[in-house]
Amino acid sequence: MDKIIKVPVIKGVFWVEIPDAKLQIICGCPADCVKHLMKRGLIIQREVEGVLCETGPNAILLSDVMIQNGEFSNLAEFPVLQMLYKQGLIIPKHPNNTGQKPLLIGLGEQVQAQMQYIFRGNYGLVSLEEIRQGGVDEETAKQMMRLKKRFAFGQIKPSSLLLDSCVLGMEKREIRNGVTIERIAVNQFEISYHGDTVTVDLNLQGEDHYDPPYPLGFQSIPRDYFSVIHSGDGDGWDVNRPSMSSIVLFQGKIYLIDAGPNLFFNLTALGVGINEIEGIFHTHAHDDHFAGITSLMRSGHKIKYYAAALVRLTVEKKLAALLSMEENQFQDFFDCHDLPMDQWTDIQGLEVMPVFSPHPLETTNFLFRTLWSSGYKTYGHFADIVSLNVLEGMVTEDDDVPGVKRAFFEKVKKEYLVPLNLKKLDVGGGMIHGAAEDFRNDKSERIVLAHTSVNLTPSEKAIGSSAPFGISDVLISGQNDFARRLAFQFLQSHFSRVPFHHLRMLLNNEVVAINPGAIILKEGDCCEDVLLILTGLVEKIFSGENRLSRLMAGTLLGEDSALKQTPSPWTFRAASYVSALKISAGLYRQIIQKNDLMGKIERTATIRAFLESIDLLCEGLSHPVMAGIIDNLVYKTIASGSTVPCQDSGFLHVIRRGKMRRLIGTDSLDVLEVGHFFGEEGAIFGVPCLYHVMAEEETEILQIRGDLLADIPIVRWKLFEMYKTRAMQSIYSSDSSKVFYWRDEFGTGIASMDAHHKELFGIANNILNIIRFGQRRDELIAAMESLVVYTQYHFDAEEQLLVQHGFPNVDHHRDVHRTMARQVQALQETVFEGKYVNYLDFLSFLQTWLVQHLLKEDRSYGSFLHAKGVS
């Protein structure tokens with residue numbers, strides 16, 4: 001019998017079990033990984049000493065990489081909840097509560113990120129100060145904390161009290177009971193036990209994505225005036241259905257309610273592309289309502305984010321923990337609109353009101369309404385809620401005891417039962433979810449019961465309906481032709497100077513429906529029609545390269561082939577139900593010729609094809625957005641041996657022909673070839689000129705203004721990842737005695753501050769060498785003390801200098817300093833307590849410090865102080 005059992009679960013996820021060591025590891029934990037384990041029979045129900053509970057993992061091996069192909073690779077919230085509650089590891093007097101905690105294994109950076117993300121997922125905002133930042137008065141904040149503590153059984157506990165960790169560096173480590181693990185490459189691990197060994201590879205390859213646990217048939221959803229599409233009625237444990245969510249359609253616009261796991265897959269099944277989404281209404285930050293947020297960050301435009309300020313703050317903190325980014329960077333990817341609670345806000349005719357919902361972390365229900373002939377038509381989305389029986393059990397008038405006041409309970413009960421045309425309810429039961437029985441006397445016209453993984457009971461069926469995936473509840477039917485209105489908007493964006501009567505000629509063509517999986521145009525075939533994609537998703541297949549890109553609504557398909565009357569160089573395939581305006585190629589050519597557009601289209605066709613072929617711009621960009629980039633391109637030829645001047649730092653540079661070398665000082669960092677880009681640090685992130693780039697041969701570059709890219713979320717994300725990678729590359733030293741290397745290019749130009757920064761580099765290198773070569777505790781304690789003392793000395797001096805000269809961002813700078821000081825002190829406490837200090841963990845902290853703060857924040861004040869005569 002094998003000592004180690006390895007079971008592939010899905011791409012990038014494995015189950016590794018060592019029965020003799022009583023260790024079950026889930027290797028990789030993307031969204032819904034628990035559901036996959038349930039479907040594979042790796043989690044089952046059983047009785048232990050007469051108590052019904054579940055089996056499952058007791059350890060999680062985290063991916064080295066937080067995001068792969070646009071999806072979270074590490075979401076340990078639900079696996080941990082499954083261990084603590086469904087297996088019973090935390091439940092008092094449960095036979096499985098032996099004192100052993102769930103174990104997180106991985107890079108220190110990833111372990112700490114998961115600890116903080118789970119902490120925020122459990123509790124949300126954790127102090128009166130944090131709640132007050134959401135615009136709440138002091139008394140209300142106190143009552144919210146009382147409720148929060150009641151859900152938390154009286155105490156908000158750091159994740160370290162609930163979880164154990166095994167920080168994995170470059171060396172082999174013992175996990176438990178003689179089982180060892182060693183990293184053999186990025187995201188590749190070797191697990192050994194008594195002579196047996198298995199390897200696991202958590203990398204996703206090529207275009208791979210994490211598979212959803214459930215199949216979904218394709219749907220073609222009707223686009224009514226005001227309707228609700230039910231895009232999920234399960235919960236975080238339901239293996240057959242998406243988690244509770246809805247789509248609100250209003251006047252042709254698409255709004256999501258929540259962003260649960262497998263969002264891209266779910267939307268594709270409904271024939272909705274990410275670029276079609278106008279906005280999202282967010283109820284709260286539990287993973288089954290949050291995990292799809294990165295899919296929305298891969299849009300070609302900033303999606304509007306609507307939530308109560310308390311919810312937005314929670315989401316920002318949770319996402320920042322996961323992605324190791326600053327909280328305010330959330331607003332780089334979304335157009336955020338804070339909604340006042342208990343007040344109606346008019347969003348272009350759709351009125352919405354968030355209402356506070358009792359839950360362990362900040363949560364609101366949403367009420368929607370719009371005017372109609374008899375008054376208002378209304379929809380209520382109640383996720384997540386708690387049962388009235390549980391809530392009444394929390395009632396106490398003692399302000400010093402966790403709980404709620406009677407008046408609060410009565411207010412919630414009244415809000416639950418407000419009569420609406422359509423109401424969708426969380427009836428998941430238990431300690432933190434709702435009960436259908438509370439709504440037996442509800443006067444709403446139609447009630448939909450959701451957020452459950454079990455079948456409705458006869459009693460529940462008498463109270464409300466179910467709503468399978470894709471079902472539409474029409475509140476106001478559409479009398480307008482939304483498809484043609486959308487087509488006209490797209491045509492106007494493509495041809496802003498073409499007269500309306502010509503646009504109407506193009507519009508007077510058939511709107512066709514294309515089935516998912518159908519090939520629309522084959523490589524080598526001639527195009528008889530130009531298709532303007534109105535809804536859905538189309539794949540553009542580069543067959544020779546075995547890759548594809550995705551075309552969104554608003555894209556003209558087959559234009560170049562139709563105009564030139566040449567075979568198509570690509571294959572186009574419907575990835576979902578697609579609706580498109582089918583324009584006769586002959587008519588299209590005549591309209592183009594009459595408006596003298598043929599020359600421009602021919603001139604831009606080649607450059608468009610080039611830009612769409614590079615990874616940075618190959619997906620998510622609509623035709624009009626790409627047209628705006630092309631219209632504003634600056635073309636430059638750089639002679640061999642010449643460099644791109646720092647004065648061009650407002651541009652992102654893309655190499656179209658030739659080869660360039662990127663240098664810092666005299667050190668070569670890398671060689672950039674056709675399709676590569678540089679300059680993102682200045683064009684997007686405002687970092688003063690750091691590198692210089694020299695042509696190895698005559699090189700043609702395309703310069704794209706940074707402001708044209710900054711508000712395209714999917715492009716900004718790719719540039720952010722590249723910026724971090726390159727900045728970290730620049731700080732490393734080739735000297736084996738030093739990890740980090742000070743370069744004059746890092747300087748602020750302020751002599752005193754540069755001297756401080758050089759000293760901090762030296763202290764950092766000293767600590768890393770002590771950790772790397774033996775970790776003598778007395779040396780490490782002394783070195784950490786030096787870092788803490790000198791860090792505070794530097795921060796105080798820097799802040800005093802900035803205040804003295806009126807630097808406008810001094811408050812933000814001070815906040816960053818406080819965060820970093822807390823992190824340094826936490827590392828010092830680890831050393832004082834005699835705990836193992838992981839090299840990669842400390843290295844990661846220093847990388848973030850040097851890259852995010854010194855290279856960006858500190859160098860940005862240099863030019864301001866120079867203008868004041870400071871040097």
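Here is a short tour of the chain, from the whole model down to a few charged pairs.

Before you click anything, note that this is a predicted model, in which local features need pLDDT of at least 70, side-chain atom pairs count only at pLDDT 80 or more, and totals for chains, interfaces and linings use all residues. Numbering runs from 1 along each chain as its sequence is written, and side-chain values use heavy atoms, with hydrogens and water left out.

**Stop 1: everything**

Select the protein chain and switch to cartoon. You get 25 helices and 42 strands; these are DSSP runs numbered from the N terminus, with helices being H or I of at least four residues and strands being E of at least two.

Now colour by accessibility. Of the 871 residues, 57% count as buried, meaning under 20% relative accessible area, with exposed over 50% and partly exposed in between (1.4 Å probe, protein chains only).

**Stop 2: the charges**

Show the charged side chains: 85 are positive and 107 negative, where Lys and Arg count as positive, Asp and Glu as negative, and His and the chain ends are not counted. Across the whole structure there are 49 salt bridges, each a side-chain nitrogen of Lys or Arg within 4 Å of a carboxyl oxygen of Asp or Glu.

**Stop 3**

Start with E138 and R132, which meet in a salt bridge at 3.9 Å, N to O. E138 is partly exposed at 44%, and R132 is partly exposed at 39%.

Next, pick D399 and K405, whose salt bridge comes in at 3.0 Å, N to O. D399 is partly exposed at 41%, while K405 counts as partly exposed at 23%.

Then zoom to R446 and D473, where the closest N and O atoms of the salt bridge are 2.7 Å apart. This pair links distant parts of the chain: R446 sits in strand β26 (residues 446-450) and D473 in strand β27 (residues 472-476), 27 residues apart. Buried or exposed, what is D473? Buried, at 12%, whereas R446 is partly exposed at 24%.

**Stop 4: a network**

Finally, select R120, E130, K317 and E327 together: salt bridges link these residues in a network.

How values were computed. Charge placed at Lys NZ, Arg CZ, Asp CG, Glu CD.
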